[in-house]
Amino acid sequence: KLSILSCIFSIGLRMLCRSCTRQGGRKWQAAIFKHQGYDVAEIPDDKPRQLISSNGCLKVWLVDRGCVTLLCTEEQEQLYNGDCYIIQYSYAEDGKDYHLFLAWFGQDSVQEDRVATVSLMSSMADSVKGRAVVGQVLEGREPELFFLVFKSLIIFKGGRSTAYKNSILQKSNRTEQYQKDGAALFRVQGLRPDCIQAIQVHLAASSLNSSHCYILQDGASFFTWLGSLSSPSDHVLLDRMMDKL
């Protein structure tokens, strides 16, 4: 069930081709496309062929106490960095069914949930018909393909799993938790207008970066902060995420 794609996820490769390592990235791309049976010579430099279909079906499960809970459409685009999730993206291509399974570990998630997530994901992948690929993704080291299957995604601080809540109670210094009526700062990023993310960051001026745009929530009020080095396309992403928040 494993393929070269699972290797990409496990090492947290964020981009297949960056400007600073263009030749190396192209070699990775070529290897993947050749593995899938494509003619590498036909891949244009500016518009590489998509690795997977963009018309697939997305399902997201929250892992809690060794069990999984399927999230509704709205909730599956809202992850918490204290939790672990199983993401399944299924699509059909050339008359064949493909299933991409990802275990996403929030930065503040606990080991108990991480171990359970890997085991549960393996069982789910074994039960599907068609070709399945599995991988593990750490928050902050997601490859582009991870965000592409979500279209839009908001990552909040905090968590809902029992193990995470218990770990917080045992700590003297409580971690930052998202509250709808409280204050929160989000960094906005995206690959294109239909693929955007808002990542909650520490509520401090030191979290700001002039290359990015941010949204500050204060209860029911929202404010935007545009970095001096941000681009017009970044501003478009900011406006679209404002509507979602």
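## Starting in a loop

Find Asn81 first: this residue sits in the loop between strand E3 (78-80) and E4. Keep in mind that you're looking at a predicted model. Is Asn81 buried or exposed? With a relative accessibility of 3%, Asn81 counts as buried, because the cut-off for that is under 20%.

So what does Asn81 touch, once residues up to four places away in sequence are set aside? Its contacts are Trp104, Gly106, Gln107, Asp108, Ser109, Glu139, Ile155, Phe156, Lys157 and Gly158.

## Ile155 and its surroundings

Ile155 belongs to strand E7 (residues 152-156). Its relative accessibility is 2%, and Ile155 counts as buried too. Leaving out neighbours within four places in sequence, Ile155 is in contact with Leu79, Asn81, Trp104, Glu139, Glu142, Phe186, Ala198, Ile199 and Gln200.

Take Ile199 from that list. Along the chain, Ile155 and Ile199 are 44 residues apart, yet 4.9 Å separates their C-alpha atoms. Zooming out to the protein, take the contacts between residues at least 6 apart in sequence: 61% of them join residues at least 24 apart.

## Trp104 and the nonpolar cores

Now for Trp104. Not counting residues up to four places away in sequence, Trp104 touches Leu79, Tyr80, Asn81, Asp83, Cys84, Tyr85, Ile87, Val137, Glu139, Glu142, Phe146 and Ile155. Trp104 is also part of the largest nonpolar core, which has 38 residues. Which members touch the most others there? They are Val60, Leu79, Tyr85, Ile87, Trp104, Phe146 and Phe150. Helix H4 (residues 144-150) gives the most to this core, supplying five residues. Domain 1 (52-150) and domain 2 (179-244) both contribute residues, so the core lies between them. Apart from this core lies another, made of 13 residues, including Ile86, Met121, Met124 and Ala125.

## Rings in pairs

The aromatic pairs in this model number ten. One of them joins Tyr85 and Trp104, with 5.8 Å from centre to centre and 50° between the planes, which counts as tilted. This pair links distant parts of the chain: Tyr85 is in strand E4 (residues 84-93) and Trp104 is in strand E5 (residues 96-105), 19 residues apart. Tyr85 and Trp104 are both buried.

Then there's Tyr178 with Phe186: their ring centres are 6.1 Å apart and their planes meet at 65°, so this pair is edge-to-face. Tyr178 and Phe186 are both buried as well. Together with Tyr80 and Phe156, they form one aromatic cluster.

## One face of a helix

Which residues of helix H5 (residues 162-169) are buried? They are Ala163, Tyr164, Ser167 and Ile168. Looking down the axis of H5, you'd see these buried residues fall within an arc of 140°, so they line one face of the helix. In general, an α-helix has 3.6 residues a turn, so residues three or four places apart point the same way. Strand E1 (57-64) and helix H3 (111-127) are among the parts that cover the buried residues of H5.

## The whole protein

Step back, and the protein has six helices and eleven strands. Of its 245 residues, 42% count as buried. The accessible surface comes to about 13,100 Å², and 50% of that belongs to carbon and sulfur atoms.

Definitions and conventions. Residues numbered from 1 in each chain as written. Predicted model: local features only at pLDDT ≥ 70, side-chain atom pairs only at ≥ 80, totals over all residues. Heavy atoms only, no water. Helix = DSSP H or I, 4+ residues; strand = E, 2+ residues; numbered from the N terminus. Buried < 20%, exposed > 50% of the residue type's maximum accessible area, 1.4 Å probe, protein only. Contact = heavy atoms within 4.5 Å. Areas by Shrake-Rupley, 256 points an atom, 1.4 Å probe, with all protein chains shown as cover. Core = buried A, V, L, I, M, F, W, Y, C linked by side-chain atoms within 4.5 Å. Domains from an automatic or database assignment. Phe/Tyr/Trp six-rings, centres within 6.5 Å; stacked < 30°, edge-to-face > 60°. Arc of directions from axis to C-beta.
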